[in-house]
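My entries follow in the order I made them.

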Amino acid sequence: MHPKTWMSSVLGLALALLSPAAHASSATPARSTQSVFFIAKSENRNQVHYGIRVDEDCRPLGPKPVHGYWRMLEKGETEMAPLLGIEAPAYGLVDAQQVEHTPEGWRVRVQLQAFSERTIEIDVLRENGRCVTRAWTTVGGVTSQLDHVYVRLAWPFGIERILLIGVDPDGRTVQEVIRH
């Protein structure tokens, strides 16, 4: 097999590992509904965070409860800004979001436009009197709680590599490198 074909096959296989089969419970750290996971990049400290809108019963609001926004850390710890339309191909979500009720709470399935082949399942439930979340996807072949994505930009344009960082059901940090 030609090296380019082999690399395309490996990348395709990595991206085809879509839906997490089983989720761990409270063995992994919960996150707030304001920041379920985030994307950081090498260019500066600003980050794109993904939050989920919920009601007082932790039920996701509307057909598209998950949304992205900028944390403008270069300007200050509390500065935020909306995503711009031109940023959607890099940071936006695919329009369809599947919301379903589970025995533990709620689950919302989303996909980033840049990684539409990989599903992220966000569990929303009540723990210790507050709404919390855990985002699940496949990281390095293991169903893991997604913490964040780090994008190493190439000079002058493009992406050198993408690093997915999560926590496996046993609480160990897992990583997967995707090269472009």
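Entry 1: I started with Y50, which is buried at a relative accessible area of 0%. I use buried for under 20% relative accessible area, exposed for over 50% and partly exposed for in between, with a 1.4 Å probe and protein chains only. I note that this is a predicted model, where local features need pLDDT of at least 70, side-chain atom pairs count only at pLDDT 80 or more, and totals for chains, interfaces and linings use all residues. Residues are numbered from 1 along each chain as its sequence is written, and side-chain values use heavy atoms, with hydrogens and water left out.

I then looked for aromatic pairs and found two. For a pair, ring centres of Phe, Tyr and Trp (its six-membered ring) must lie within 6.5 Å; planes under 30 degrees apart are stacked, over 60 edge-to-face, and the rest tilted. F37 and Y50 are stacked, at 4.7 Å centre to centre and 15° between the planes. This pair links distant parts of the chain, 13 residues apart: F37 is in strand β1 (residues 37–41) and Y50 in strand β2 (residues 44–52). F37 is buried too, at 0% relative accessibility.

The W70 and Y91 rings have centres 5.2 Å apart and planes at 70°, so I logged this pair as edge-to-face. W70 sits in strand β3 (residues 66–71) and Y91 in helix α2 (residues 88–91), so the pair ties together parts 21 residues apart in sequence. W70 is buried at 8%. Y91 counts as buried at 15%.

**Entry 2: overall layout.** I counted two helices and 11 strands. Helices (H or I, at least four residues) and strands (E, at least two) are DSSP runs, numbered from the N terminus. Of the 180 residues, 44% count as buried. I also checked contacts, meaning heavy atoms within 4.5 Å. Among contacts with a separation of 6 or more, 43% are between residues 24 or more positions apart.

Entry 3: A cavity is a set of points on a 1 Å grid over the protein atoms alone where a 1.4 Å probe fits but cannot get out; lining residues have an atom within 4 Å of a point. The largest cavity holds about 80 Å³. That volume is the space filled by probe spheres set on the points, with grid points joined across faces, edges and corners. Its lining includes F37, L112, R118 and T137. I sorted the lining residues into seven nonpolar, one polar and one charged. Here Ala, Val, Leu, Ile, Met, Phe, Trp, Tyr, Cys and Pro are nonpolar, Asp, Glu, Lys and Arg charged, and the others, Gly among them, polar.

**Entry 4: backbone.** Most residues other than glycine have a negative phi, and most peptide bonds are trans. I looked for exceptions. W155 and P156 are joined by a cis peptide bond, with omega about 0°. P156 is in the loop between β9 (142–153) and β10 (159–167).

C58 is not a glycine, yet its phi is positive, about 70°. C58 lies in the loop between β2 and β3 and is buried at 2%. N128, also not a glycine, has a positive phi of about 50°. N128 is in the loop between β7 (120–127) and β8. Is N128 buried or exposed? N128 is exposed, at 81%.

**Entry 5: R130.** R130 is in strand β8 (residues 130–139). I read R130 as partly exposed, at 45%. R130 and D57 are 73 residues apart in sequence, and 9.1 Å apart in space, C-alpha to C-alpha.

Technical notes:
On a 1 Å grid over the protein atoms alone, a cavity is a set of points where a 1.4 Å probe fits but cannot get out, and a pocket is an open set with protein on both sides within 12 Å along at least five of seven lines; lining residues have an atom within 4 Å of a point.
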